[in-house]
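Student: I am new to this structure and would like to go through it step by step. Could we look at it together?

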Amino acid sequence: MEYNFREIESKWVSFWQANNSYRVSEDSAKEKYYVLDMFPYPSGSGLHVGHPLGYIASDVLARYKKLQGYNVLHPMGYDSFGLPAEQYAIQTGQHPAITTEENIKRYRSQLDQLGFSYDWEREVRTSSPEYYKWTQWIFKQLFDCYYNEKSNKAERISVLIEEFEANGNTNLKASNDCEIEFTSAEWKSFDSKKKEAILHNYRLAYLADSWVNWCPNLGTVLANDEVINGKSERGGHPVVQKKMRQWSMRIKAYAERLLEGLNEIDWTDSLKEQQRNWIGKSVGSSVLFDIEGYENPLEVFTTRPDTIFGVSFMVLAPEHPYVKDITTEKNKEAVSKYQKASVKKSERDRQSDVKTITGENTGAFAIHPLSGDKIQIWIADYVLATYGTGAVMAVPCGDQRDYDFARHFDIPIKNIFQDVDISEAAHTDKTGILKDSFFLNGCSVAEGIKKSIETLESKGFGKGKTNYRLRDAVFSRQRYWGEPFPIYYKDELPCVVEDQYLPIELPKIDSYLPTPDGEPPLARAEKSSWNYFSGDRMEFNTMPGWAGSSWYFLRYMDPKNKNEFVSKSKSEYWKQVDLYIGGAEHATGHLLYARFWTKFLFDQGYITFDEPFQKLINQGMILGKSSFVYRIADSNTFVTKGKVNGKEIQSIHVDISLVENNKLNIEAFKEWRKEYANATFILEDNGDYICGDEVEKMSKSKFNVQTPDDLIQKYGADTLRLYEMFLGPIEQSKPWDTKGISGVHNFLRKCWRLYCSPEGVSILREGQDVPKAALKTLHKTIKKVTDDLDRYSLNTCVSTFMIAVNEFTEQKCNNLEVLDKFLILLAPYAPHFCEELWMKIGNKEGSLFESNFPIFNQEYLTEDSFDYPISFNGKMRFKANLSLSLDRAEVQREVERMEMTKRWLDGKTPKKVIVVPGKIVNIVF
RNA sequence: GCGGAUGUGGUGAAAUUGGUAGACACGCUAGACUUAGGAUCUAGUGCCGUGAGGUGUGUGGGUUCGACUCCCUCCAUCCGCACCA
């Protein structure tokens, strides 16, 4: 074999390892470039072909930037805390650390096979104590900070305490859930327990009794982004609402900055839009309604305060705290029945039941703050307790949901829009002129909103307000395999562990299940099993999966630092990630949380940038291509695709390893399953059995999973790298189909022949006169590849390489100078292949990657003539080679003189002739 | 329902600021060579038509000398959100 990829690839992998070729360090003489992959969870099944897509892309770009002279940081690590290892531990009793270690080894060997240029000395693992020490440390900083809305950043709790001591909390503007107001004197009179409880309402990491998504099957709570359509993201188990004391992160405080920050970063619109949606900002007003015979006013949030005179009833969430107090005796029974029913409903049920209108009248009345009218108060579960104030003012003429509710329960509908018919539906557009609205009469929507807020504020019945859908993130999990909290309890009061005792390591326990009384697994640990123990007990919860992944990109900069999570000088050198590649499924989880932590660390001055990922590319999902055989119903006879017509058949998934280019390997198929051993076949006329195919998600049950290992075995890593890039644009989802991989492999072989004789000896010559054609091909290729890489168009580069090799082959090019440069162009894609040829053609020492990326020179591409497409009425008819020195008029004259032109004009006179020099001629007649 | 993305040959796709639609591959057809290999080489391959030619980038319209590209309408597929007040 001429091109022995197996030998070559293992040779260069060991060379790179032996020479530490990819070790990087800070170098102020060079400009930095930080390329990052989303690190994987090391699962037991290893890498599938979808993973490397992003890794190959980032590796190509990392190598390209390195050749261009950048100091490239390109690290890799493992998000190694996670459920599967723990589930496995529960089943087998084996410590999850052991399983994790094994899985990581497998991942590492798969990654090594692909020839990535990672600096493995910088590897991080979220589950290693050296790493999670700093996750715990960051948690401590969050615990010790609150969000000051005046300075618009996180500040220390000590600053807050000073403020409390000086002024109480009356003038404070800070994100909190504190329900009481107190003066400086009152603060001082509180005992330490009460003080701590109050401070807790301000901390960015805090304990609170909150409604959480509880997944009984997983035995843990889940964050909102881990719940999809009422089921757990992992495993698809049902999720119910439960009130529990949990650690939370006050991410809501950052809602506005997380929203604004999106304008500064280069992410796709769809991703930014998803985050905007998730944050869910709405601007409006809060309005206070007095309740007849009740001391507290009812606060609602509305985005349409201009429609305040259209209010015809109020609706509270069934869980609203006022309900029990204000419901009249007569309505008590019905209301409490309704409440009970809605608590039982899971969020999923509430969602799927959008069409059914339900609700119950409390019998109480609110007083309209501006008109003084009496307004019925209802409860209904379309109002969510967790959004806004859990209460709405219903304006049926302007809101379809309120309209339907009013119709259903026969509540009067007041029309406050001029010349608008609301007999069939509400007027939901933000248009129209108000009427029957006192001082708002004649106002447009925008004027009405402004004026109504002014009036409400001046009368003390409300004020302008912005609401966010984003909720604080639950931060504890009732699990073993996660970061322990640096927290112990004294009299059930949480206390932080001093820095010197970090990390708090996971203690040994006898079983990874919850305790019989429902405590998390850590409650099983003996006091002596903890490497640090204080107070009455340690925290039994562990941190969620997103804790470690929210800051790992920073640790890569300084992975071995024992004194800081990252040194200031190193984070100042490497700064943000310049290019981040990974899947879109992290839109509202990891990518939001990482932004949040980055902003926090920025606020506290630990880093100098507040967005983690400047440019982000979402690689598309790789779908599987399944193959089918067609069995004639109730028989053991299989009919080829071309002869199915009309027969009654069953499609059966067949393992894709038995199929090549839709052609079934019949012998292998017979051996695949016992029941097929005696199968008979109806074949195509040429004797083949052709399978059907369909694009589906990759899954074991569909026999369409493709691991990179087989392909590397068969074609080599360089072929796989080129092929994955060749498939299409990186961000597009596409079916995985090995059909076509041979084309890419053949390209490498053809390229090899350009450099070497069949014996593997270089056939290149140094030439004094470099052929013009070869130079032209080379520089055309340099230009195209550089441009394409700069716009992340990785697929088109591969075509460009193919064209170049085709042209060089045709030119019989054997010029060392030209082909030497071409190797550098190709090297980011096929590093082993290029290193080998680079050495063979005479570069004896070192690695190709120490050289420089070729620079494009226009000189070699300049032509003196051009093959003009000559079109008539916009249709290209023929081509004419004309000198580029001709001006418009001269070109026109030349073209008009031509025989072909006369023929196409067919005696008619051109009305107009458009000449774009160097581009096109268009004759209009 | 709202928001985002995508629609180009038998297949993956290309066409970067409007300027030769289908590059480059796969597959297929015919042929050459070879020890009948998944090797290599040659020719062909959007569709209709023997041909000249016609036609063609999801649909219908518009702007333009010229539209895959810009504008409007509709359709389909995928993704996200969804009683959010």
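**Cysteines and a sheet**

Tutor: The sulfur of cysteine 756 lies 9.8 Å from the closest cysteine sulfur, that of cysteine 751, which is too far for a bond. Keep in mind that this is a predicted model.

Student: Is cysteine 756 buried or exposed?

Tutor: Buried means under 20% relative accessible area. Cysteine 756 has a relative accessibility of 4%, so cysteine 756 counts as buried.

Student: How many disulfides are there?

Tutor: A disulfide needs two cysteine sulfur atoms within 2.5 Å. By this rule the count is zero disulfides. Cysteine 397 is in no disulfide: the nearest cysteine sulfur is 15 Å away and belongs to cysteine 443. To repeat the count, it is zero.

Student: Which strands stand at the edges of the open sheet?

Tutor: The open sheet has four strands in the order S2-S1-S21-S22, with parallel pairing. At the edges, each strand has a single partner, so one side of each is left without a neighbour in the sheet. From one strand to the next, the twist averages 15 degrees. The edge strands are S2 (71-73) and S22 (616-618).

Student: In S21, what is the bridge partner of aspartate 37?

Tutor: Strand S1 (residues 32-37) pairs with strand S21 (residues 579-582) in the parallel sense, over three bridges. In S21, the partner of aspartate 37 is isoleucine 581.

Student: Which helix packs on the sheet?

Tutor: The helix touches S1, S2 and S21. Its direction makes about 170 degrees with that of S1. This is helix H2 (residues 50-67).

Note on methods
Residues are numbered from 1 along each chain as its sequence is written. Chains are lettered from A and ligands numbered from 1 in the order in which they are written. This is a predicted model: local features need pLDDT of at least 70, side-chain atom pairs count only at pLDDT 80 or more; totals for chains, interfaces and linings use all residues. Side-chain values use heavy atoms; hydrogens and water are left out. Buried means under 20% relative accessible area, exposed over 50%, partly exposed in between (1.4 Å probe, protein chains only). Two strands pair if DSSP finds at least two bridges between them. Helices (H or I, at least four residues) and strands (E, at least two) are DSSP runs, numbered from the N terminus. Axes are lines fitted to C-alpha atoms, for helices over the stretch in contact, and angles run from 0 to 180 degrees between N-to-C directions. Contact means heavy atoms within 4.5 Å.
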